[in-house]
Amino acid sequence: MLLEARNLVKRFPVRHALTRRQAGHITAVDGVSLDVGPGETLGLVGESGCGKSTVAKLLTRLERPTSGSIHFAGRDLAGLDETALRPVRRDLQMVFQDPFSSLNPRHTVRQILAGPYRYQGLEPDQPAEELLARVGLRPEHADRHPHEFSGGQAQRIGIARALALNPKLVVCDEPVSALDVSVQAQILNLLRDLQEQYGLSYLFIAHDLGAVRHISTRIAVMYLGSIVETADRDALFAHPAHPYTRALLSAVPLPDPDLEASRERIVLHGDLPSPLDPPGGCRFRTRCPKPDELCAAERPRLRTIAPGRQVACHYPERTP
Amino acid sequence: MSLLTVRDLNVEFRSGVRAVDGLDLDLDAGRVLGVVGESGSGKSVTSLAVLGLLRDARVSGEIRFAGRELTALDQRSLRRLRGDRIAMVFQDPLSCLNPYYSVAFQIAEAYRAHHRTGRRQAHRVAVHMLDRVGIPEPERRARCYPHEFSGGMRQRVMIAMALCLEPDLLIADEPTTALDVTVQAQILQLLRELRKESGTAIMLITHDMGVVAGLADHVVVMHQGRAVERGPVRDVFHRPQQPYTRGLLACVPRIDGPLPDRLPTLGATT
């Protein structure tokens, strides 16, 4: 494995609005373990507030985990300080959701693309023009500023910057969700091409199940801070085992009026519970169609039910 | 019967940008018309033009609603029409709700703007509407403020507010875009039910072909201010005639069906 995260936990303090005294904590990530192999794309899906972006920040060590380990390139990143992390970052890069807020508006594209080298104390070994060509932009774009680009072009610049140091793993946090559908398709194609060309691994984080299916080899589904199911891409979409995965898939509108009219819908009741006060036992039981006493009493652990498939449910759907 | 007829609608902003360019629309009473397109296609501007909410733009063409020509009406008559006969739900419910007032107050306010009733009666209407849009414990929830509600609940409040006057036409501009997919499914289910119960016609504006497929009877595909294709949903989705429509349908990665190696893209690069 290229990256192995084990039992990652991240708690944030919650402060009283007026006194600023700590009033408790919120567990954004609650015991997440995941692996990314070389050349593989792990898709991480879930709805807002499920902790998927916090996982991205922990794995890239933009945040320090409260506990747990992150093994990457033979080291545990969990406890490293910024100096020790610097060489690791050559191999571990990130692409962000909002291409404009992740590019410095005062810098030219050339300066932006030199950023990773500057941080590493290196001379740029790839001229900006070369990096731009990799992501389908033209050499003359190098001397422009971010505001002169469309959203899709700006995201290409963000990708070019992530590639500058020839990383092994790129963590993409909602890289296409701010873009129009036709531009999303272009960026997804680009990410696939780059993966083939440079043998990259991706952790692809998104709420859009279609995009995740298109790009991932394996998929992990998160709910309220924990992974509830992991499976190979095709197995997950063909036979979701966790009731949340089932509901999530059935909630995605299909661009086909006949299928929409005839499909079975599992409409979950209520909203995501507050992570400040998560339900005891199984965290999904408040919205689950079939909870019982065991679900209230005991929190299901992520266990392997078939080769390559893990589910955190007392009563998973049977899979072939 | 045609409820809304738009003919040769043109909207030009002061900057010289032509947002809508010769658009025709037809929506029958009780039906759902999906208006789809990417950002900048003019779909939201069209809805604002129908409501007479574009003050800084040159609007020309016919907008005929229930036999009346809206472009000929003055602001007062338009205001009487808005909310009462034509209601609107926007994408971001939080920015449409006043944080200082309880949700029931805001629904009652919309009701009282068109009906001469007392506060109590209007409050009862508000509670009834909250119940209808599926808010649990409507009596208690009525006194809550927008910040106490989740995104999905806020959108339910907006729908309650829009439907409390039993309008003939509901314009829903990206009503589920800001919501998570399981909450989106709840709101779409609600719109399907309300439509069956109330017979309100819906003009559904969205970029999501899936949302249109699940709710609309007819669809208009917009691109650069023009309608590039229109027809019953089945025809447009199963036999799209225009390359743009085909591209729009094909470029979105689906959760079912075969997986293409590369997604087709729509012409020009980014």
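Trainee: Of the 270 residues of chain B, what percentage count as buried?
Mentor: This is a predicted model, and every value here is computed from it. A residue is buried if 20 or more other C-beta atoms lie within 10 Å of its own. Among the 270 residues of chain B, the share that counts as buried is 48%.

Trainee: What radius of gyration does chain B have, and what would a compact globule have?
Mentor: The C-alpha atoms of chain B fill a box of roughly 55 × 45 × 35 Å along the principal axes. A compact globule with 270 residues would have a radius of gyration near 18 Å, which agrees with the value for chain B, 19 Å.

Trainee: Is Asp168(B) buried or partly exposed?
Mentor: Asp168(B) sits in the loop between α7 (151-163) and β7 (169-173) of chain B. A residue needs 20 or more C-beta neighbours within 10 Å to be buried. Because Asp168(B) has 19 inside 10 Å, the class is partly exposed.

Trainee: What distance separates the C-alpha atoms of Asp168(B) and Ala29(B)?
Mentor: Leaving aside residues up to four places away in sequence, Asp168(B) touches several residues, including Leu3(B), Arg85(B), Thr200(B) and Ala29(B). Asp168(B) and Ala29(B) are 139 residues apart along the chain, yet their C-alpha atoms are separated by 7.2 Å.

Trainee: Among contacts in chain B between residues at least 6 apart in sequence, what percentage join residues at least 24 apart?
Mentor: The chain has eleven helices and ten strands. Counting contacts in chain B between residues at least 6 apart in sequence, the share that joins residues at least 24 apart is 64%.

Trainee: Which are the edge strands of the open sheet of four strands in chain B?
Mentor: The sheet has the order β2-β1-β4-β5 in chain B, with antiparallel pairing. At one end, β4 (residues 57-65) is joined to β5(B) by two bridges, and Arg64(B) stands opposite Glu69(B) there. The strands that pair on one side only are β2 (18-28) and β5 (68-69) of chain B.

Trainee: At about what angle does helix α1 of chain B run to β2(B)?
Mentor: This helix covers residues 43-50 of chain B. It lies across β1 (2-13), β2 and β4 of chain B, and its angle to β2(B) is about 65°.

Trainee: How many bridges join β1 of chain A to β2(A)?
Mentor: Chain A also holds an open sheet of four strands, in the order β2-β1-β4-β5 with antiparallel pairing. Arg11(A) stands opposite Thr27(A) in β2(A). Strand β1 (residues 3-15) of chain A runs antiparallel to β2(A), and the number of bridges joining them is eleven.

Trainee: Which strand gives the most to the side of domain 1 of chain A that touches domain 2 of chain A?
Mentor: Chain A is divided into domain 1 (3-216) and domain 2 (242-320), and 28 Å separate their centres, taken over C-alpha atoms. Their contact takes seven residues from domain 1 and six residues from domain 2. With three residues, the one that gives the most on the domain 1 side is strand β2 (residues 22-36) of chain A.

Trainee: Which helix gives the most to the side of chain A that touches chain B?
Mentor: The contact between the chains takes 37 residues from chain A and 39 residues from chain B. On the chain A side, helices that supply at least two residues each include α5 (151-163), α6 (181-198) and α9 (243-251). That side divides into 18 nonpolar, eleven polar and eight charged residues. Giving the most, with seven residues, is α6(A).

Methods: Residues numbered from 1 in each chain as written. Chains lettered and ligands numbered in written order. Predicted model: local features only at pLDDT ≥ 70, side-chain atom pairs only at ≥ 80, totals over all residues. Contact = placed C-beta atoms within 7 Å. Nonpolar A, V, L, I, M, F, W, Y, C, P; charged D, E, K, R; others polar. Rg over C-alpha atoms; globule rule 2.2 N^0.38 Å. Buried ≥ 20, exposed ≤ 12 C-beta atoms within 10 Å, placed from the backbone. Domains from an automatic or database assignment. Pairing = 2+ DSSP bridges. Axes fitted to C-alpha atoms, helices over the stretch in contact; angles between N-to-C directions.
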